[in-house]
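Keep the structure open as you read.

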Amino acid sequence: MTTMTVHSRLITGPLLLRSVSILGASVGFFLPLSVVPMLAGSGRAAGLATVALLLATVAGEVATPRLVNRVGYRAALAGGLLLLGAPTIALAVSAHPAVILAVCVLRGLGFAICTVAGGALTAKLIPAGRRGQGLAFVGLVSGVSSLLALPAGVWAAHRWGFAPVFVATTIFTLLALLSVPGLPRRSAVAESSSVFHRALARPAAIFAASTSAVGVFVTLLPLAGDDRSAGVVAAALLVQPAAATAARWAAGRLGDRYGPGRLLGPGLALTAAGTAGLALAPVPAALVFGAGFGLLQNATLTLMYDSMPPGGENTVSAAWNIAYDLGMAAGALVAGLLVAPLGVDAVFVLAAVATLPAFALIPVATSRRGS
């Protein structure tokens, strides 16, 4: 690594502009995320809305690399913000199940485009020698905004009703469109439109193992035993993403210095320990779990970008986000099936055990700079 690469400028005008669209997409997704199930009312309708959102997001992640190749980053990102923000206004005037379902599908597609096209563009705006720190910076933008937006949406809905949340979501998301014209239109090199690449499989599998634990965490913690007050559960749900955001920032510096591959073992160990610990002490365990997950977020994404030549950013962004969503969905689904016969605490322990096979993938998932 040359001195010029190490000291190349990290925060540039285009990256700051990109941060605006990251903020718009993050708030646009998370502000109404817990409010939509509240609007749906029944458990069945709320579950259907969440499933529709998730399936549309995964479908959009698969299709976005081809879309970017056809229309470019700028048009794709603008379309994603439009799909994420504009349909949400319909929920301010109608709570019909068909309307909720349609809006969730459109929002899922929009969020997928924003994350995949935007993520690939972000990677191109970061110097290769400081990729870990750059990804940590944008992770901080999205992490803090989502951390604040999720509870803010629920609080606002209880205080003022559903409509103001959906109107605010639409306005905030669409305002981010103002930043898009200042972003690059296309890459200077040919780009891949595939979401599958052999070099990405192992780090993606490691990340999916950790996101499956997140799916268990967010699904079952609110159902934890009577001895855990609502305040303890709320604190744990706040501590985990906060710790993940902080750890993701730290991982950027550590990964650039020592290699992101060296963070995989500690990240998995902390994730497993924290998940198992939820059965005993939810808040401290959530802190440990969040720290491990944040390390893995940054390390796996950096490794995946490092393993691909220029032009592979679309593939990496899509593969990483698909691993995120499918792992989380699998964890939530299995948790829902096992909680009745086994109980919440036992499922937390099993979720921790389920992450352990990912340790076998670490030796071949290390960075060129960290091996």
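**From chain to helix pair**

In the protein chain, 87% of the contacts with a separation of 6 or more come from residues 24 or more positions apart. Contact here means heavy atoms within 4.5 Å. This is a predicted model: local features need pLDDT of at least 70, side-chain atom pairs count only at pLDDT 80 or more, and totals for chains, interfaces and linings use all residues. Residues are numbered from 1 along each chain as its sequence is written, and side-chain values use heavy atoms, with hydrogens and water left out.

The protein chain has 14 helices and zero strands. Helices (H or I, at least four residues) and strands (E, at least two) are DSSP runs, numbered from the N terminus. Of the 371 residues, 51% count as buried, that is, under 20% relative accessible area with a 1.4 Å probe, protein chains only. The chain exposes about 15,500 Å². Carbon and sulfur atoms supply 71% of that area, which is computed by the Shrake-Rupley method with a 1.4 Å probe.

Helix α11 spans residues 264-277 and helix α14 spans residues 344-355. They pack at an angle of about 165 degrees, with their axes 7 Å apart. Axes are lines fitted to C-alpha atoms over the stretch in contact, and angles run from 0 to 180 degrees between N-to-C directions. That angle makes α11 roughly antiparallel to α14 (over 145 degrees).

Which residues meet? L268, A272, T275 and A276 in α11 meet F348, A351, A352 and T355 in α14. The residues of this contact divide into six nonpolar, two polar and no charged. Ala, Val, Leu, Ile, Met, Phe, Trp, Tyr, Cys and Pro count as nonpolar, Asp, Glu, Lys and Arg as charged, and the others, Gly among them, as polar.

Definitions and conventions:
Parallel < 35°, antiparallel > 145°, perpendicular 65-115°, else oblique. Buried < 20%, exposed > 50% of the residue type's maximum accessible area, 1.4 Å probe, protein only.
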